[in-house]
Amino acid sequence: MENRFGVKDFVLFVVLGGIVVLIVLAMLQFDRQWDSVQEIKHKLDQQAVDLQVMQQQISRGVTPASTQTTANSTVAPSEKRILAAKAMPDYSDGDWMINGQSARFATLTPLVSGDASASEVQSYVIESLLTRDPVTLEFQGVLAESWAIKDNSIEWRAYAEKRRAVPLTPDEVLAEKDCPPADKAAERDAYLKERLAEGRTDDNIGAEPDCPPAAIVTFKLRDNAKFSDGKPVTADDLVFSYDFIMNPAIDAPRQRAYFARMRSVKKLGPREVEIVFNTPYFEALGLAGGLEVMPKHFYGKFAPEEFNRSTGLLMGSGPYMPETPEGWKPGNQVRLIRNPRYWATPSALSRFVYREFTNQVALETAFRNGEIDQFGAPPETYVAMKRDPKIAERTHQYEYQSAIGGYRYIAWNQQRGGAPTKFADKRVRQAMTLLIDQQRLINEVMLGFAVPATGPFNPQSKQVDPSVKPYPYDVERALKLLAEAGWSDRGDGTLTNEQGQPFELTLTYRSGSPNYEKMALLVKDMLARGKVRVIANAQEWSIFTTKLKNKDFDAITLGWTAGIETDIFQMFHSSQMIAGGDDFMSYKNAELDRTIAQARLTLDEDARLKLWQQAHRILHEDQPYTFLFFPKSLVLMDKRFANVQTVPLGLNSEREWFVPRAQQRWTN
């Protein structure tokens with residue numbers, strides 16, 4: 001056959017290919033130019049606001065102040081440590097902090113984002129009313145200048161006792177928001193029967209119109225606080241933030257569950273608010289003070305559907321801000337710049353930059369090459385880097401067990417697709433824990449940088465019942481429990497049930513972390529000794545979180561943070577089995593529900609701690625999770641950063657850090 005492809009054809013293809021490449025490059029350049037134009041537009045808008053404020057001040061005979069503000073005559077207590085840093089002899093403004101992470105940001109929009117990295121970014125931008133002193137752990141004002149709490153629990157309890165004596169009627173139950181719809185007759189009947197037997201709950205009583213408030217917390221906002229666009233922080237913004245979260249059209253079920261104890265947030269004056277609680281709550285002040293204030297004029301312009309789909313809506317009153325409040329898209333680098341209108345003491349570092357890497361190995365390589373400034377290292381890497389003279393010479397190393405440090409776990413899904421799983425049987429869950437050698441995981445996966453977990457409470461917390469001990473590694477006892485639950489070796493070396501189905505499970509874990517992978521594979525080998533077949537299933541973070549939300553897994557391993565006093569309602573109360581709730585393993589124990597509810601109502605600390613310890617014992621018996629260990633934090637940081645300290649809460653605030661002028665790396 002004659003070949004008709006000649007030199008002219010080759011040249012033509014080369015030219016066409018070049019044109020295609022040029023078109024693609026032009027499109028990319030256009031995208032970059034569009035982003036730059038949007039950034040310039042945002043900066044011009046900011047300058048217009050500043051000019052408008054200056055004109056208003058001049059018209060009133062007031063000398064315009066600098067757009068870079070500091071705290072007024074009333075210095076926020078949370079600022080005192082920052083002011084102390086500024087008084088150090090080598091203190092200097094400037095330089096950047098370059099952070100890295102082994103997962104991609106899906107969204108920076110608050111409420112709809114569910115990962116720790118997005119929460120960290122948001123914490124620099126959006127402020128709450130109160131915070132805790134990192135050393136004393138006492139509450140300090142941030143946006144709140146002052147506050148007061150009125151305990152009305154005696155009057156509330158008197159009303160509640162009378163109402164509990166009144167039988168609950170079927171009509172009242174059928175009107176409850178959690179009651180299954182009429183087309184689900186079996187579920188509806190079961191719900192009706194259970195609720196009539198249970199009677200009036202504290203939450204039901206607290207929601208009644210005639211019920212007196214259990215507690216009232218009032219806050220006075222600082223008169224100099226303002227958002228990054230120059231508009232003041234007012235009571236209207238605080239009321240809006242609460243109403244926005246509680247709007248069921250907003251994709252924030254986790255936050256709604258958290259704030260459901262509040263009856264209302266009411267404006268008393270331009271900068272004064274009143275927060276009323278439906279039921280007594282031991283953390284009423286912390287819950288109210290932790291409400292993050294979102295600017296009404298910014299977030300209020302978005303319809304719920306638009307907000308839920310968004311990826312980069314981020315504005316607040318904090319010390320840092322994104323370059324544009326609504327221009328970030330996945331794939332773009334996350335950059336936070338100093339808020340030029342920040343109402344309080346400005347931070348030293350001028351910028352935070354977040355670089356994304358495909359996996360933990362790439363992240364480690366970037367730190368070794370000096371491309372990022374701090375690295376939360378897995379144990380093997382931490383030990384290796386400490387031994388590397390080049391790394392040790394240019395870094396500080398920090399090892400600490402925080403008072404709010406979290407734990408790792410394996411959750412056993414008890415219901416999938418509406419049907420109970422093998423893990424609905426407590427004996428099976430106990431057997432899984434008995435097959436997992438906890439101390440071996442600590443030694444081999446964490447290299448000793450962890451302490452055993454027996455439940456969800458931090459070992460430093462008084463919520464821990466000291467009599468609760470870790471489950472031993474005991475294959476024989478595990479096999480006995482599995483046999484009682486109907487799983488036994490019928491002669492072929494594997495566990496099967498009476499229907500001949502083999503005992504197997506898929507253990508899902510997030511990809512990109514060699515440490516999690518090592519743990520998952522070690523757990524797989526351990527369970528194999530109990531004749532359980534495990535498929536280790538690594539998933540990219542977005543898929544992983546989708547599986548959690550949809551309860552589409554057999555077993556899943558992850559970690560929870562803890563608190564100074566941890567409220568476990570969100571993770572273990574059966575009401576949180578709702579879609580998107582954090583009881584994603586569909587665990588239900590009526591005794592635990594009652595214990596959690598009572599603990600949350602109990603203001604007396606000694607009585608409350610006894611209830612938390614009871615909850616600890618119930619969870620240890622039930623094993624909805626196999627509680628693995630509380631890891632130590634292992635952090636390496638570029639040595640140029642000064643005033644980095646370990647405190648009871650971990651490391652002190654990045655706002656207290658600085659880089660002496662001679663050591664600064666980034667200057668623009």
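**Helix packing in a predicted model: legends to close-up views**

**View 1. Helices α13 and α14.** The axes of helix α13 (residues 360-368) and helix α14 (residues 379-387) come within 12 Å of each other and cross at roughly 20°, where axes are lines fitted to C-alpha atoms, for helices over the stretch in contact, and angles run from 0 to 180 degrees between N-to-C directions. That crossing makes α13 roughly parallel to α14, a term used for angles under 35 degrees, as roughly antiparallel is for angles over 145, roughly perpendicular for 65 to 115 and oblique for the rest. Glu 364, Phe 367 and Arg 368 of α13 meet Thr 381, Ala 384 and Met 385 of α14 in this contact, contact meaning heavy atoms within 4.5 Å. By class, the residues of the contact of α13 with α14 are 3 nonpolar, 1 polar and 2 charged (Ala, Val, Leu, Ile, Met, Phe, Trp, Tyr, Cys and Pro count as nonpolar, Asp, Glu, Lys and Arg as charged, and the others, Gly among them, as polar). The model is predicted, so that local features need pLDDT of at least 70 and side-chain atom pairs count only at pLDDT 80 or more, whereas totals for chains, interfaces and linings use all residues. Residues are numbered from 1 along each chain as its sequence is written, and side-chain values use heavy atoms, with hydrogens and water left out.

**View 2. Helices α16 and α18.** The axes of α16 (residues 426-435) and α18 (residues 475-484) come within 8 Å and cross at roughly 160°, and the two helices are therefore roughly antiparallel to each other. On the α16 side the contact is made by Arg 427, Val 428, Gln 430, Ala 431, Met 432, Leu 434 and Leu 435, and on the α18 side by Val 475, Arg 477, Ala 478, Leu 481, Leu 482 and Glu 484. This contact of α16 with α18 comprises 9 nonpolar, 1 polar and 3 charged residues.

View 3. The buried residues of α16 include Arg 429 and Thr 433. Packing against the buried residues of α16 are the strands β13 (407-412), β19 (504-510) and β22 (625-631), together with the helices α18, α19 (514-528) and α23 (605-622); helices (H or I, at least four residues) and strands (E, at least two) are DSSP runs, numbered from the N terminus.

Notes
Buried < 20%, exposed > 50% of the residue type's maximum accessible area, 1.4 Å probe, protein only.
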